[in-house]
Amino acid sequence: MKILSERLFLLRTERNLKQEEVSKALGIGFQSYRRYEHDERDPSAPVIVAMANFFNVSSDYLLGLRDER
């Protein structure tokens, strides 16, 4: 999902975080997170929820269903 990858990149860079830092905080592998951010792989529902909680946004925002965070 292109919108998900774009929003993950935006949220991560707004916080000046590295991909490795985010992957550790989410409890997922670095390569998995990198693939999500580069639109090479889609995360499972539990991972999307973890991302939304970590970045303090709604899962609807991450998925492009809403523009409000």
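**Exercise 1.** Work out how helix 2 and helix 3 are arranged.

*Solution.* Start with the numbers: helix 2 (residues 19-26) packs on helix 3 at about 115°, and their axes are 9 Å apart. Helices here are DSSP runs of H or I with at least four residues, numbered from the N terminus. Axes are lines fitted to C-alpha atoms over the stretch in contact, with angles from 0 to 180 degrees between N-to-C directions. Angles of 65 to 115 degrees count as roughly perpendicular, so that's the label for helix 2 and helix 3.

Next, see who touches whom, with contact meaning heavy atoms within 4.5 Å. Helix 2 brings Gln-19, Glu-20, Val-22, Ser-23 and Leu-26, while helix 3 brings Phe-30, Tyr-33, Arg-34 and Glu-37.

A quick note on the source: this is a predicted model, where local features need pLDDT of at least 70 and side-chain atom pairs count only at pLDDT 80 or more. Residues are numbered from 1 along each chain, and side-chain values use heavy atoms, leaving out hydrogens and water.

**Exercise 2.** Is Glu-37 buried or exposed, and which side chain joins it in a polar contact?

*Solution.* First, find Glu-37 in helix 3 (residues 30-37). Its relative accessibility is 8%, so Glu-37 is buried (buried is under 20% relative accessible area, exposed over 50%, partly exposed in between, with a 1.4 Å probe and protein chains only).

Then look for its partner: the Gln-19 side chain makes a polar contact of 3.0 Å with that of Glu-37. Such a contact is a pair of N or O atoms within 3.5 Å, one able to donate a hydrogen and the other to accept it within protein; residues adjacent in sequence count only if both atoms are side-chain atoms.

Definitions and conventions
Helices (H or I, at least four residues) and strands (E, at least two) are DSSP runs, numbered from the N terminus. Angles under 35 degrees count as roughly parallel, over 145 as roughly antiparallel, 65 to 115 as roughly perpendicular and the rest as oblique.
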